[in-house]
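Open the model in your viewer and keep the selection tool ready. Each stop below says what to select and what is there.

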Amino acid sequence: MGCLQDDTIAIEKPVALVYNGISHVVMMATPKDLEHFAIGFSLTEGIIESPNEIYGIDIEQTAQGIEVLIELSSRRFAELKHKRRNLTGRTGCGICGTEQIDEVCKVLPHLPETTQISITDFANTLQYLKQVQIVGEQTGCTHAAVWLSLTGQFIAGFEDIGRHVALDKLLGYRAKQQNQQGIILVSSRASYEMVQKAANCGVEVLFAVSAATSMAVDMAKQCNLTLVGFFRGHKGVIYSGEQRLS
């Protein structure tokens, strides 16, 4: 017979992003680094083009969850109201609530080729995923996204129960830094949403620990993003953009 043991459980809460008083989206997320999440989500969803278009962020606890109150510029808020849709994001799904196919297949920017890296510089970088998974170390149920320099040095990293949210948090942090060179490594598979988010923020290289989906590969090729899956530090599968790698 087994025995009862205490366990540590990751906190999952509904987080509502409220723009100028109007709730736009509710995502299930780990309730930390929410300012970075708000900026990153706003960027990756095309709500803003720069963090400067957000004038303020306040976080309020409610009986049901958390509200992140975002003050947008008048122009961006007018555009958001025009295209606003109701969306409930879940841990394993990036398009819940999407009503039209063209909302999924968005036109992405064609990325320049300003990045050149050597794979050997990233041989020991998987350790950084574990380094930022403080909650994950105790619970085994979070994803992580880390930002590495062009020579494989750790810059920043974030975790969340949702892989999309972890990446949004990282991209939100990155957007406020003056030097944005580097690559992104994620602990999850490379789905099309991960490619879309990275490309929308000008990221040229995305490494994923797990596989890439067909739509992710097609999208990466179209926008000229370097996509590497099954990354194990010393090896990986290059799906697109091999010209940036040596």
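A helix axis here is a line fitted to C-alpha atoms over the stretch in contact, and the angle between two axes is taken between their N-to-C directions. Keep in mind that this is a predicted model.

**Stop 1: two crossing helices**

Select residues 34–44, helix H1, together with residues 163–175, helix H6. Their axes come within 6 Å and cross at roughly 95 degrees. H1 is therefore roughly perpendicular to H6, since angles of 65 to 115 degrees count that way. Now show side chains at the contact. On the H1 side, pick His36, Phe37, Ile39, Gly40, Phe41, Leu43 and Thr44. They meet Val165, Asp168, Lys169, Leu171, Gly172, Tyr173 and Ala175 of H6. Colour the contact residues by type: eight are nonpolar, four polar and two charged.

**Stop 2: the nonpolar cores**

Which residues touch the most other members of the largest nonpolar core? Select Leu17, Tyr19, Val68, Leu225 and Leu227; the core holds 53 residues. H1 supplies its largest share, six residues. Next, centre on Val68. Setting aside neighbours within four places in sequence, its contacts are Val15, Ala16, Leu17, Val18, Leu34, Ala38, Ile57, Asp58 and Ile59. Then look for a second, separate core, which has 15 residues. Val146, Leu185, Val205 and Val228 are among them.

**Stop 3: a serine in a strand**

Go to strand E11, residues 237–240, and pick Ser240. Is Ser240 buried or exposed? Its relative accessibility is 4%, so Ser240 counts as buried; the cut-off for buried is under 20%. A polar atom of the Ser240 side chain lies 2.7 Å from the backbone oxygen of Leu225. Beyond four places in sequence, Ser240 touches Ala220, Lys221, Leu225, Thr226 and Leu227.

**Stop 4: a glutamate in H2**

Select helix H2, residues 74–83, and find Glu79. Glu79 counts as partly exposed because its relative accessibility is 33%. Its side chain makes a polar contact of 2.7 Å with the side chain of Arg76.

**Stop 5: a covered helix**

Finish at helix H7, residues 192–200. How many of its nine residues are buried? Eight are, leaving H7 mostly covered. Select the buried set: Tyr192, Glu193, Met194, Val195, Gln196, Lys197, Ala198 and Ala199. Just after H7, stop at Gly202, where phi is positive, about 80 degrees.

Key
Residues numbered from 1 in each chain as written. Predicted model: local features only at pLDDT ≥ 70, side-chain atom pairs only at ≥ 80, totals over all residues. Heavy atoms only, no water. Buried < 20%, exposed > 50% of the residue type's maximum accessible area, 1.4 Å probe, protein only. Helix = DSSP H or I, 4+ residues; strand = E, 2+ residues; numbered from the N terminus. Axes fitted to C-alpha atoms, helices over the stretch in contact; angles between N-to-C directions. Parallel < 35°, antiparallel > 145°, perpendicular 65-115°, else oblique. Contact = heavy atoms within 4.5 Å. Nonpolar A, V, L, I, M, F, W, Y, C, P; charged D, E, K, R; others polar. Polar contact = N/O pair within 3.5 Å; in protein donor to acceptor, adjacent residues only side chain to side chain. Core = buried A, V, L, I, M, F, W, Y, C linked by side-chain atoms within 4.5 Å.
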